[in-house]
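Here is a short report for a reader new to this structure. Please look over the sequence and the model, then read on.

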Amino acid sequence: MGVALERLPDWPARMTADVAAIYMGISKSTFATRFGTIGVREGGNVLWARVQLDRIIAKQFAIAQPIANGDGDSSWDDLR
C-alpha cells in the first residue's frame with residue numbers, strides 16, 4: 001500500500017480494497033469475498049466509498065441512520 005494511513009487526517013472518501021479492508025477490520029481476502037461485488041471500477045482500480053462502508057457497519061450493528069429528506073444538498077448551488 002502506497003499511503004501510510006497514520007499520516008492521513010481522516011479515512012479517505014474512496015478506498016482501494018487494501019484500505020477498505022483495514023477500515024472494516026477484516027482481511028483483504030475476507031473483504032473481497034463479502035464486499036467485492038459492491039466496488040466501483042474506475043480505470044484500473046476498484047474503489048469503495050467510506051459512506052457506503054459506514055452504512056454496512058451501521059446495519060450490522062443496528063445503528064439508526066438519519067433519514068434523508070429527499071431534497072438533496074443545496075449548499076453548493078451558488079457555485080454553478
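## Asp-18 and its partner

Asp-18 is partly exposed, with a relative accessible area of 29%. (Buried means under 20% relative accessible area, exposed over 50%, and partly exposed in between, using a 1.4 Å probe and protein chains only.) The side chain of Asp-18 meets that of Lys-28 in a salt bridge, 3.0 Å from N to O. A salt bridge here is a side-chain nitrogen of Lys or Arg within 4 Å of a carboxyl oxygen of Asp or Glu. Asp-18 sits in helix α1 and Lys-28 in helix α2, so the pair ties together parts 10 residues apart in sequence. Lys-28 is partly exposed too, at 46%.

Helices (H or I, at least four residues) and strands (E, at least two) are DSSP runs, numbered from the N terminus.

## Model and confidence

This is a predicted model: local features need pLDDT of at least 70, side-chain atom pairs count only at pLDDT 80 or more, and totals for chains, interfaces and linings use all residues. Residues are numbered from 1 along each chain as its sequence is written, and side-chain values use heavy atoms, with hydrogens and water left out.

pLDDT is the predictor's confidence in each residue, from 0 to 100. The protein averages 84, and 76% of the residues score at least 70. Where pLDDT is low, the predicted coordinates should not be read in detail.

## The other salt bridges

The search of the whole structure finds three salt bridges. In one of them, Asp-10 meets Arg-50 at 3.8 Å, N to O. That pair links distant parts of the chain: Asp-10 is in the segment before β1, Arg-50 is in helix α3, and they are 40 residues apart. Asp-10 is partly exposed at 49% relative accessibility. Arg-50 is partly exposed at 21%.

Arg-14 and Glu-42 also meet through their side chains, at 2.7 Å, N to O. Arg-14 lies in strand β1 and Glu-42 in strand β2 (residues 40-42), so this bridge ties together parts 28 residues apart in sequence.

Six of the eight residues of helix α1 (residues 17-24) are buried, so the helix is largely enclosed by the rest of the structure. The buried residues are Ala-17, Val-19, Ala-20, Ala-21, Tyr-23 and Met-24. They pack against β1, α2, β3 and α3. Just after α1, Gly-25 takes a positive phi of about 75°.

The largest nonpolar core has 11 residues, including Met-15, Ala-20, Phe-31, Trp-48 and Leu-53. (A nonpolar core is a set of buried Ala, Val, Leu, Ile, Met, Phe, Trp, Tyr and Cys residues joined through side-chain atoms within 4.5 Å.) Helix α1 gives the most to this core, with six residues. Leaving aside neighbours within four places in sequence, Ala-20 is in contact (heavy atoms within 4.5 Å) with Met-15, Phe-31, Trp-48 and Leu-53.

## Aromatic pairs

How many aromatic pairs does a search of the whole structure find? There are three. Rings of Phe, Tyr and Trp (its six-membered ring) pair if their centres lie within 6.5 Å; planes under 30 degrees apart count as stacked, over 60 as edge-to-face and the rest as tilted. Trp-11 and Tyr-23 have ring centres 4.9 Å apart and planes at 70°, so they pair edge-to-face.

The rings of Phe-31 and Phe-35 have centres 5.3 Å apart and planes at 50°, so that pair is tilted. Both residues lie in helix α2, four residues apart, about one turn of the helix. Phe-31 and Phe-35 are both buried. Together with Trp-48, Phe-31 and Phe-35 form one aromatic cluster.
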